[in-house]
Amino acid sequence: MSLNKFTGMNRRSFLAAGSLAGASLLMPRLSFAGSGNVVAGIGLDAYYASYVVADELGFWKQEGLDFSFKQFDDGSLGYDAIATGNADIASATMFSQMQRVDKGVELYAVAAIAASGKLFSIVAQEDITKPEDLIGKTIAFPRGTIAHYLFTQYASKRGLPLDQIEQKNVPAPESIAAITRGDINAFLLWEPWPTRALELAPGTHKLATLDVDNINVVNWLCVGPSLIDDVPRLSATLRALQAASQHIEANREETADIVAKRLRLPREDAAFQVNNINYSMDFSKDRVMHDYTTLSEFAIQVGRIQKAPPMEAMIRPEFMQSVNPSLAKGW
């Protein structure tokens, strides 16, 4: 999410990720419990800025923690690193979390880490100038992924009949060629694909950026067995990340410099991402339950899970409540 190395560029299919999560249960688990270490499994984009800003500015050390991170081309694979005992914390969508919990992985959301609707757009051919023009046309996205879910949300907000819009399964890297050839009339994807399409596919434009319809993708901070019962270390982790999120909100340009350096992104890409992501750790009940409800319904609909995992197997608000009650209202 460069952006030449955006997390979404090389996203594995969720089926593959789900299989990996299941297999991970059979792998040996390392133990970090009782130590001052915190290992994060993160993606390649600025959705993970809080982790590296906290490191760069010494917030982890101020909390007595020794921080390190492992990078994955899909941030949700950090959840699998938790499952195998190779990470303490990671963040991705609740859609990714619930598929792993459904397979028996211990993975608990304890805070938000980043959210954006501005990095997700619908790119369309020039004759599609309003949402209703998608009726009778073909729109592409990788099926069964968060992009698929986002289109269902957009269609609902705009009153579009899904049965009158052909939805085609096209991997992100193939979307620009597909719309250039006229195989599809539009696609919904994360950056950098929308921006690249405007540069490479003649006659295309952004039909919609999802934040306009108040549609956001939230990455949730999740922890596993190594932290959930280690309250002092988990609380210190939340304090370090909260300090980083507050710093980011007030210092976007400095953050872009840190992200470009630490995540090896072009400075322009880092700035674009940082300036279009909200880093609030808001874990209020309304916000959490929106994702839990809508994403579990979608996951069941597309066959990723059979039923919604119990809330207590996924969501633990008491830690953020103790660290900052204003960020965990309504529970």
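In this predicted model, strands E5 and E9 run antiparallel and are joined by 5 bridges. Serine 121 has threonine 209 in E9 as its bridge partner.

Both strands belong to an open sheet of 5 strands with mixed pairing, in the order E7-E6-E8-E5-E9. E7 (166-169) and E9 stand at the edges. Each has a single partner strand, so one side of each is left without a neighbour in the sheet. From one strand to the next, the twist averages 30°.

Helix H8 packs on this sheet and touches E5, E8 and E9. The direction of H8 makes about 135° with that of E8. Which residues of H8 (193-200) are buried? They are Trp193, Pro194 and Ala197. These residues cover an arc of only 100° around the axis, which puts them on the same side of H8. The elements that cover them include those tabulated here.

| Element | Residues |
|---|---|
| Strand E5 | 120-125 |
| Helix H7 | 175-181 |
| Strand E8 | 186-190 |
| Strand E9 | 204-209 |

Next, the helix pair. H2 (residues 49-56) and H10 (residues 231-250) pack at an angle of about 100°, and their axes are 8 Å apart. The two helices are therefore roughly perpendicular to each other. On the H2 side, the contact involves Ala49, Ser50, Tyr51, Val53 and Ala54. They meet Ala240, Leu241, Ala244, Ser245, His247 and Ile248 in H10. The residues of this contact divide into 8 nonpolar, 3 polar and no charged.

How values were computed: Residues numbered from 1 in each chain as written. Predicted model: local features only at pLDDT ≥ 70, side-chain atom pairs only at ≥ 80, totals over all residues. Heavy atoms only, no water. Buried < 20%, exposed > 50% of the residue type's maximum accessible area, 1.4 Å probe, protein only. Helix = DSSP H or I, 4+ residues; strand = E, 2+ residues; numbered from the N terminus. Arc of directions from axis to C-beta. Contact = heavy atoms within 4.5 Å. Axes fitted to C-alpha atoms, helices over the stretch in contact; angles between N-to-C directions. Parallel < 35°, antiparallel > 145°, perpendicular 65-115°, else oblique. Nonpolar A, V, L, I, M, F, W, Y, C, P; charged D, E, K, R; others polar. Pairing = 2+ DSSP bridges.
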